Structures are given as C-alpha cells and as structure tokens.
Amino acid sequence: MKLSCCLYPGSFDPVTLGHMDIIRRAARIFDVVYVGVLCNPDKKGCFPIEKRVDMLKKACYDIPEVQVLSYNGLLARLTEEKEIPVVVRGVRGVSDLESESAMARINHHLNPNMDTFFLPASSGKEEISGSMVRQLAAFGADLSNFVPCEVLPDILAAFSKQ
Ligand code: PNS
C-alpha cells in the first residue's frame, strides 16, 4: 500500500542525479509526488524557473507518479493550499540534517498539518549538488555522472552561451 501524496520541494537549479534518486524513491512510497520548484532567497538563481520546470518534466518522463509545479511563496502555504501532508527532503550528511531539521520545524509551525520526511542520499549521490554542477558546467567538465541525460543538452546549451 502506498501513501497518498508528498511534496518534494527544491531549487532544482538544475535538476541533478541526486534529486532524481530522491524522486524515484519517493515515487515508490507515494501515489503522487509533487516536485515543486520554489525560490530559495539565499541563492542567486542560474536557470529561469520555467526552464527548471521544463528540465524536471523531461527528467521525470518515465515516473507516472510525478507532477512538476512551481510556486512563488512559502512552502508551508503551498502544502496548506494543496492539502499535502508530507514534505520529502534529501539529506546528504550531518550539516544538511542540521539545517533541514530547522526548516522542518519552522514549516511544521507554519502548517501543523504537514510534516517533513528525510531520505538519506543514496551511496554515491552524497556529493552531488546544483552548485557543483553549475561550477563544472562553467568549466566545460563532463556532467554525465551528475545530471539526468535528458537535460544534459539544455545545460550545455545554456553554458555555451555564457
Ligand atoms: O534545493 P534547495 O535550495 O535546498 O531548496 C530550498 C527550498 C526552495 C525548499 C526553500 O528555500 C524553500 O522552502 N523556499 C520557499 C520559501 C520558504 O518557505 N521559506 C521558509 C523555509 S524555512
């Protein structure tokens, strides 16, 4: 039996194989996995929001449980509006756990009807991050072990223009 639905929020700037690891595992647990592109005020964005959504849709084409959306507001408000009881976040290590726990507590305070489930990054995926991918792309490194093959051409095209 699967649980009803969850939200997997993030910047996805761009989507990485670390994100895909969490999305595929969440899709085994939940009937519907909303993958939400939200704004992280602490990060200066690289790809436009619509492009991030487009890349996520391409990467998740074979996961029927996934619905990609974007939202310009508080995560807690989105869970309230769509009546989503669970937020899923991946944790890569101890420092992630500390900051993610703080975020989970604040979100639960804002919407007591939701809670956050943490999934540990799978082995080999702990080092992958959007910022690492952007840096490798800027210097023309091979990205095939870090991003889904469906979005590789989009990332290469964006960085070849810079
Ligand atoms: O991929 P990221 O950058 O770690 O994702 C962080 C994100 C986008 C999930 C977080 O910044 C967020 O929830 N932004 C929406 C605004 C919000 O609700 N902020 C309060 C969180 S305590």
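**Exercises on cysteines and aromatic pairs**

C60 is buried, with a relative accessible area of 5%. Here buried means under 20% relative accessible area, exposed over 50%, and partly exposed in between, using a 1.4 Å probe and protein chains only. The model is predicted, so local features need pLDDT of at least 70 and side-chain atom pairs pLDDT 80 or more, while totals for chains, interfaces and linings use all residues. Residues are numbered from 1 along each chain as its sequence is written, and side-chain values use heavy atoms, with hydrogens and water left out.

**Exercise 1.** Classify the aromatic pairs Y8 with F12 and F47 with F159.

*Solution.* Rings of Phe, Tyr and Trp (its six-membered ring) pair if their centres lie within 6.5 Å; planes under 30 degrees apart are stacked, over 60 edge-to-face, and the rest tilted. The count by this rule is 3 aromatic pairs. Among them, Y8 and F12 are edge-to-face, 5.4 Å centre to centre with 75 degrees between the planes. Y8 and F12 are both buried. F47 and F159 are also edge-to-face, at 6.2 Å and 65 degrees. Both F47 and F159 are buried.
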